[in-house]
Amino acid sequence: MNHSDHITASTAPRIYSDIYSMLNQKHLKAFRYKAFKNLIFTDMDIPVPGLEWTSIDNTCIRQTVPQGICCANQYLLMTSYAHKPASARTALTVIRMDNGSYVKTIGIEPVHAGGIAFHPQSGYIWISCDEPKKSTARLMRVSLNTVLKQKEGTSLFESSFSLFHLTELPRSSYLTIQDNLLCVGYFSKTKTGRFYIVPLNTLGQPAVTGENTLKPLYSCKTRNYIQGVSFVKTASQKYAIFSQSYGRRSSHMFSERSSKLLIYSYEDLNKADFFVKPQKRICMPVMIEQTYPYRDEILFALFESASRAYYDNPAPKGGNSKNQIDRICGLDLKKLIL
């Protein structure tokens, strides 16, 4: 695939020719990854677009870093920020849900995009879009229709989206939407993390105080190193599934700490404490980012480990990431919460 094919992101697998080769890589042979490999739908082989190159506004980016993923009607939406050059725009990629085929990539802003979520009642997409050296969390809201109408390889105009601030957090590291509640969290390396709950009405309008400043109802405590959260309902129970990642390597040891899914059951989100010991821990490959549920069947999971920024470059303690996930993974949600 090359630039003359009139698409703005590479679509071939970055590292492994098929999903079986990815799952059989040397560093996924450890017993601790058995649960992950038993959960993954191997017939859902969706290479992460743009890992080899992404071109936005005629600028070619070769170190995009996947961050967020969500389901929006019949589409998967994925955010990736530019590691180098840092001034390049964040990419928002659209993928068809039914067959995993690439649709388009557009630009947002030169920001560090994080989580992404979809509010089906209003048709709005919410994206974490923090700016460097800013001390307040910032979020973007844009309609799915606007994204679908945008010409591939171009960037959204400022008039096509709205920006909101959440002063309770220094950054909006991750977010999701549960019913009409916008949940915004901060990646913390300390012992306790936290996310805030902002109500949305059916038109997608958030509770605000002042000029586009979000007004949260309450907050929940979490574990540290949280990269994302998904909320799942069954007929009898509600679950919160947190993705936790320590990066390529722990800062205190040479061996890698694997990522994890931390699973909690809860009754009332207002009273939930997700800092306590989870009901279930499932070991994941390193560098997991956001997860997002589809119905009660699939938990989509995104990893940043196959980015050139991490796979090709040495880690601070020497060496690069031991395992690389260059696919958007579909995990069996029913097995996860059993």
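Select Asn212 to begin. At 32% relative accessibility, Asn212 counts as partly exposed; buried means under 20% relative accessible area, exposed over 50%, and partly exposed in between, with a 1.4 Å probe and protein chains only. Asn212 is found in the loop between β14 and β15. Its phi is near 55°, a positive value in a residue other than glycine. Most residues other than glycine have a negative phi.

The model on screen is predicted: local features need pLDDT of at least 70, side-chain atom pairs count only at pLDDT 80 or more, and totals for chains, interfaces and linings use all residues. Residues are numbered from 1 along each chain as its sequence is written, and side-chain values use heavy atoms, with hydrogens and water left out.

Now select Glu211. Glu211 sits in the loop between β14 (193-199) and β15 (218-222). Strands are DSSP runs of E, at least two residues, and helices are runs of H or I, at least four residues, both numbered from the N terminus. Is Glu211 buried or exposed? Glu211 counts as exposed, because its relative accessibility is 75%.

Pro110 counts as partly exposed at 39% relative accessibility. Show Ala91 too: it is 19 residues from Pro110 along the chain, and the two C-alpha atoms are separated by 9.2 Å. Which residues does Pro110 touch, not counting residues up to four places away in sequence? They are Ala86, Ser87, Ala88, Arg89 and Thr90, where contact means heavy atoms within 4.5 Å.

Select Asp57, found in the loop between β2 (54-56) and β3 (59-61). Asp57 has a phi near 50°, a positive value in a residue other than glycine. Its relative accessible area is 35%, so Asp57 is partly exposed.

Move to Ser307, in the loop between β21 (298-303) and α4 (308-311). With a relative accessible area of 1%, Ser307 is buried. Not counting residues up to four places away in sequence, Ser307 touches Leu51, Gln63, Thr64, Val65, Pro66 and Asp312.

Then turn to the nonpolar cores. A nonpolar core is a set of buried Ala, Val, Leu, Ile, Met, Phe, Trp, Tyr and Cys residues joined through side-chain atoms within 4.5 Å. The largest has 53 residues, and Leu77, Ile125, Leu182, Phe300 and Ile328 have the most contacts inside it. A second, separate core of 27 residues includes Phe36, Ile241, Met284 and Leu331. Select Leu77: leaving aside neighbours within four places in sequence, its contacts include Gly68, Cys70, Leu92, Val94, Ile116, Ile125 and Leu144.

Finally, clear the selection and show the whole protein. There are 5 helices and 22 strands. The radius of gyration, taken over C-alpha atoms, is 19 Å, close to the 20 Å that the globule rule gives for 338 residues, so the protein is as compact as a globular protein of that length. That rule is 2.2 Å times the number of residues to the power 0.38. Along its principal axes the C-alpha trace spans about 50 × 45 × 40 Å. Of the 338 residues, 57% count as buried. Among contacts with a separation of 6 or more, 60% are between residues 24 or more positions apart.
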